[in-house]
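Hi,

Here is the structure I promised to pass on.

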Amino acid sequence: MVAGKFSAGYGTDGGNSLALLEVHNLRKDFPVRKGLFSGTRGSIRAVDGVDFELREGETLGLVGESGCGKTTVARCLLRLIEPTEGEVLFEGEDLLKMDREALRKVRARFQIIFQDPYSSLNPRMNVGEIIAEPLRNHTRSSRGEIRDRVCFLMEKVGLHPEQARRYPHEFSGGQRQRIGIARALALNPRVIICDEPVSALDVSIQAQVINLLVQLQEEMGLSYLFIAHDLSVVEHISNRVAVMYLGRIVELATDQELYRNPQHPYTQALLSAVPVPDPEVQQRRIVLQGDVPSPLNPPSGCGFHTRCPERIDLCTNEVPAFRDLGNGHWAACHLR
């Protein structure tokens with residue numbers, strides 16, 4: 001059983017909470033080269049004008065099919081890869097205009113949990129060293145203070161301090177993800193990006209990790225950008241949900257509004273694929289035709305029109321505006 005979501009204490013439009021993170025017109029292009037020593041023959045727009053905000057104490061879910069640009073958004077926010085253009089305002093400061101030293105200081109308050117709990121941990125360092133590394137790099141704590149902090153964090157995420165001398169390969173997948181969470185918590189961040197943190201875990205372990213994240217949010221007042229492709233997982237932890245397709249956000253709403261009243265045809269198709277644990281409920285499955293278009297040669301107009309069962313002529317020529325449908329519900333669709 002997954003724990004209930006943390007309530008951020010705002011209404012349906014979320015207007016009572018302050019925005020810790022604001023993203024405006026975020027774009028990322030990757031050049032495509034003709035050969036090893038040749039020039040470029042085009043570019044792939046992995047992220048195409050993404051806008052959203054993350055409020056204090058909330059969890060914003062970011063969902064979509066594999067390859068839609070979710071992880072690229074996460075890495076651009078932290079400048080693990082450099083965006084092509086846009087603004088990323090964290091606590092009012094634009095991260096994309098910061099020099100290396102200023103960005104280093106901000107990263108203490110803005111952390112990430114990676115998808116693969118094994119490849120994100122240094123196999124040559126034991127668990128105690130992995131969790132202590134941010135403290136050594138960003139604080140002037142004594143050796144004893146760092147040791148006490150590591151023990152505290154390990155207990156906080158459900159590990160035993162006696163395991164600090166072990167190496168990542170000696171732990172299970174769920175335990176390794178807990179180590180990654182402890183490392184992300186080391187510097188008392190305000191925002192944590194969770195980049196598909198449970199997709200590589202068994203279902204029973206997924207519930208444990210999600211419960212842990214909810215508990216930590218309640219105790220420490222954290223804000224999460226929770227990236228996933230599993231809509232049933234996102235439903236249990238998110239306050240608001242943004243749906244991405246082909247590098248763009250096509251729908252954004254509170255969790256209850258989105259799951260009860262999806263407006264964009266793509267969101268409706270995604271939700272129709274979520275299994276319902278009730279044999280008496282018959283759900284109409286929406287099967288999309290064709291494949292996701294190549295971002296190297298995206299379709300004109302609405303990026304979804306090549307697969308949309310409701311498309312009209314306008315969809316093929318004009319990009320739909322991202323419009324407020326009321327009740328904090330936004331969608332980019334000509335028919336809504």
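Phe 322 has Ala 332 in E12 as its bridge partner. The two strands involved, E11 and E12 (residues 329-332), run antiparallel and are joined by 4 bridges. Strands here are DSSP runs of type E with at least two residues, helices are H or I runs of at least four, and both are numbered from the N terminus; two strands count as paired if DSSP finds at least two bridges between them.

Before going on: this is a predicted model, where local features need pLDDT of at least 70 and side-chain atom pairs count only at pLDDT 80 or more, while totals for chains, interfaces and linings use all residues. Residues are numbered from 1 along each chain as its sequence is written, and side-chain values use heavy atoms, with hydrogens and water left out.

Now the whole sheet. It is open, with 8 strands in the order E6-E7-E8-E3-E9-E10-E12-E11 and mixed pairing. Strand E6 (110-113) and strand E11 (322-326) are at the edges with a single partner strand each, so one side of each has no neighbour in the sheet. On average, neighbouring strands are turned by 20° against each other, direction ignored (axes are lines fitted to C-alpha atoms, for helices over the stretch in contact, and angles run from 0 to 180 degrees between N-to-C directions).

Two helices to look for on the sheet:
- Helix H5 (residues 173-185) touches E6 and strand E7 (191-195), and its direction makes about 175° with that of E6. Contact means heavy atoms within 4.5 Å.
- Helix H9 (residues 265-272) packs against strand E9 (240-245) and strand E10 (248-254), at about 105° to the direction of E9.

And which strand is largely enclosed by the rest of the structure? That's E3 (residues 59-63): 5 of its 5 residues are buried, so the rest of the structure largely encloses it. Buried means under 20% relative accessible area, exposed over 50%, and partly exposed in between (1.4 Å probe, protein chains only). Thr 59, Gly 61 and Val 63 point one way from E3, and Leu 60 and Leu 62 point the other way. E3 pairs in the parallel sense with strand E8 (residues 223-228) over 5 bridges, and Thr 59 has Tyr 224 in E8 as its bridge partner. E3 is also parallel to E9, over 4 bridges, with Leu 60 partnered by Arg 240 there.

Last one: Leu 314 sits in helix H10 (residues 313-317) and is partly exposed, at 37% relative accessible area.

Cheers
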